[in-house]
Amino acid sequence: MTAAPLVGTDPAAVTGSPPGGRRGRRFDGPARTAAGFALGAALLFAVAPLTLSDFRLSLLAKYLCVAMVAVGIGIAWGRGGMLTLGQGVFFGLGGYAMAMHLKLADAGPGELPDFMQLYGQLDELPLWWRPFASPWIALPATVLLPMAVAFGLGSLVFRRRVRGAYFAILSQALAAAMVILLVGQQGTTGGTNGLTDIQGFFGYDLDDPVNQRMVYFIIAASLLALLALARQLIRSRYGELLVAVRDGEERVRFLGYDPAGVKLVGYVIAAGMAGLAGALFVPAVGIISPALIGIVPSIEFVIGVAVGGRATLLGPVLGAVAVAWARTALSERFPGTWTYLQGLLFVLVVAFLPGGLASLWVLARQRRSDPAGARWWRRARPVDRAENRTEVSAA
Amino acid sequence: MSQFRGRRILAGAMTLIAAAALTGCGSKTSDEKSTAGVSADVSGDSVKVGLLNSLSGTMAISEVTVRDSIMLAVEEINAAGGVLGKKIVPVGEDGASDWPTFAEKAEKLISQDRVAAVFGCWTSASRKAVKPVFEKNKALLFYPVQYEGLEQSPYIFYTGATTNQQIVPGLDYLKAQGKKSVYLVGSDYVFPRTANKIIKAYAAANGMTVLGEDYAPLGSTEFGTIVNKVRSAKADAVFNTLNGDSNVAFFKEYTSAGLTAASMPVVSVSIAEEEVKGIGTQYLKDQLTAWNYYQTTPGAANQKFVAAYKAKYGADKPTSDPMEAAYVAVYLWKAMVDKAGTFEVEKVRAASGGITYDAPEGLVTVDGPTQHIAKTARIGKVGADGLIAEVWNSGKPITPDPYLKSYPWASGLS
């Protein structure tokens, strides 16, 4: 019950009701989803490229990578109740796998990447770098490597029923350990500098704005694909089981299911999504470094999800993009004081919209259907009591 | 049923990916680039320059002082009529101690604000992150902090010391003092690791022994173990490349272990006047530092600089080496532009070689080929007043040698 206050008081669950609960409304279900995807695709593929400058579009590409991580966290944390405070590790594994391949491709066959010659004094490529010279190994590795690590950790942890705060601390420790490892091996990992100055992307010159645009389209398409995948997952029997495990793990066990296996699948999927995001982040931004995968960025991933609304499909994506965008916009306008404004924003969201931005939609709907809901701000928590009850036992 | 519909949506998404792959008819490396670098906007009666420093995060405490001294130089130049008759308009951005943010803001300054030059960055990681951005856009960065060398970008001017202007003179000084063994303590990042590699090569060639080498994570405040190891190693001196807060914990531990400047002196390369204030003079008294400038450096130019800085920011604010190097950077840029007669980057670069400036640290000269500057090395001793007094200097400016090519012992380093 250690994490009870953490999860139990979080009314995000209000939007996490089992699918189908509100089916039968006028404009709901598949039609609405299809419309949503069409709108998203129109925004990402037409409106954004036509209205944004090259520079802003490349920033959007970066935000969308963060949003991809957020989709995964939405599944693992929002749906599965696993507070993954270490997604930076999987983001980093994907990013480094991609960056290692691109650095080797930049250097040319038989040559060492520039930083190895500077810091490593190596005569030949270290053994563990060699597989990444081949795109057929490096590309699948960006997703499979994080999934494998998540599988290893998850099978150890969930079977032993480690959860709540302990799980969160464990995932943080993993992030910290990975940073220390990378920084310590400066000669072969680039140390704190990370892998920088990535010039080419499978033969395409990343300095060219046309190619940056191409990278953006790949990222936007991948995000939509991940969203489609997440939607499928949430609507499936597995998705219902995952929510059931979140809300009452013991009950699910008594029903004959294996909660550890259910959680493991969600955790591994989230890791794969983070890995893909990391891999695409590299061509979009041109750098991967320990500063991007440690404890602080790992928490920042989760903040975006919390601001957006963790248990919904779109909430994490919107939250992640909104937080990243606000960071850029505020810091450009108020270089001296933006951190205070950002903090204020988080406080306001957590205090007044504990379910995240997505709960605005729910609140609006409540207000329409239930006159009492119109005074939601007077209530301590805008929560469905029945659903809250099941949440308390979640931890 | 809903699963079937979902599959259709999934198929739709897959189609989108295929479509995106088709639209990705990007140009191959061999093709002509679709745009050249962005040129600075100098059409009006003003010219913008970018100020890229961390105003938040762990590096803010150091980088804000650099921002302050850049602003001072900009104001002085504007008061004297500007550059080529145009007023300088500074555009500030916050790097937020985060390397990709530095890259993002550098791109913004160059392509959105169209600045003529950018001044800033502190850590090596931030410089490495922005380097491709400046090279891609063919824009200028002035980097004002001493660093680990082994770099020479055509679009960066390095106004801080490279290794042969700071670390090597520091070692020469220790050797001249008869120190035969050193212990290396540093923060775990690129500068200390690279500096220590150079120190080990120097020691091997100069009959010095390196008795140990320890790294603490950036921001670490746990130094019990390291200080114990240092004490039992009984080295003649300690070479300290710790950064920031860690120095506070290290020197407190060092003093309480009974070690003093007399029994085992510490040479620090990242402790300037600002940091002395933070660590506490009682822990640092008589310890050594290696820099190119101190607030106490004699000369009319420095008196003027210190007086102007204190008048603007407060009498209790000390001036330090990176601040001075940043101040000098702005004046050097002005001199280059004046000589070139234009803000065009390639012409400014071509004009840069041989430019001299009577800086607070003494006469500095821009070295054309390396784009570093020749500067005098100065070893200092921390005094009871918190200022650093010079005990030795190289007598004349040292020509920068970022790859240590003129030092035979360093041949295996790069």
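What is the mean pLDDT of chain A, and what percentage of its residues reach 70 or more? After that, please take me through the sheet of chain B that contains β10 and β14.

Author: This is a predicted model. The mean pLDDT of chain A is 84, and 86% of the residues in that chain reach 70 or more. Within chain A, helix α12 (residues 259–285) has the highest confidence, at a mean of 96, while helix α1 (residues 4–8) has the lowest, at 36. Two stretches of chain A stay under 50: residues 1–25, for which the model has 63 contacts beyond four places in sequence, and residues 376–395, for which it has 41 such contacts. Where pLDDT is low, the predicted coordinates should not be read in detail.

Now the sheet. In chain B, 7 strands form an open sheet with mixed pairing, and their order is β7-β6-β8-β9-β10-β14-β15. The edges are held by β7 (209–216) and β15 (388–393) of chain B; each has a single partner strand, so one side of each is left without a neighbour in the sheet. On average, neighbouring strands of this sheet are turned by 25° against each other, direction ignored.

Within that order, strand β10 (residues 288–291) of chain B pairs with strand β14 (residues 378–382) of chain B in the antiparallel sense, over 4 bridges. One residue pair can be picked out on the display: B:Trp291 has B:Arg378 in β14(B) as its bridge partner. Helix α7 (residues 224–233) of chain B packs on the sheet and touches β6 (181–187), β7 and β8 (237–241) of chain B. The direction of this helix makes about 175° with that of β7(B).

Chain B also has a hairpin, formed by β11(B) and β12(B) with 2 residues between them. Strand β11 (residues 356–359) of chain B and strand β12 (residues 362–367) of chain B are antiparallel and pair over 4 bridges. Here B:Asp358 stands opposite B:Leu363 in β12(B).

Among contacts in chain A between residues at least 6 apart in sequence, 80% join residues at least 24 apart.

One helix pair in chain A can be described in detail. The axes of helix α4 (residues 87–107) of chain A and helix α7 (residues 165–184) of chain A come within 7 Å and cross at roughly 40°. That angle makes α4(A) oblique to α7(A). On the α4(A) side the contact is made by A:Gly88, A:Val89 and A:Gly92, and on the α7(A) side by A:Leu174, A:Ala175 and A:Met178. These contact residues divide into 4 nonpolar, 2 polar and no charged.

A last point in chain A is A:Ala322, which lies in helix α14 (residues 315–333) of chain A. A:Ala322 has 19 other C-beta atoms within 10 Å, so it is partly exposed; a buried residue would need 20 or more. Leaving aside neighbours within four places in sequence, A:Ala322 is in contact with A:Val307, A:Gly308 and A:Leu357. The C-alpha atoms of A:Ala322 and A:Ala225 are separated by 20 Å, and the two residues are 97 residues apart along the chain.

Notes: Residues numbered from 1 in each chain as written. Chains lettered and ligands numbered in written order. Predicted model: local features only at pLDDT ≥ 70, side-chain atom pairs only at ≥ 80, totals over all residues. Axes fitted to C-alpha atoms, helices over the stretch in contact; angles between N-to-C directions. Parallel < 35°, antiparallel > 145°, perpendicular 65-115°, else oblique. Contact = placed C-beta atoms within 7 Å. Nonpolar A, V, L, I, M, F, W, Y, C, P; charged D, E, K, R; others polar. pLDDT = per-residue confidence, 0-100. Pairing = 2+ DSSP bridges. Buried ≥ 20, exposed ≤ 12 C-beta atoms within 10 Å, placed from the backbone.
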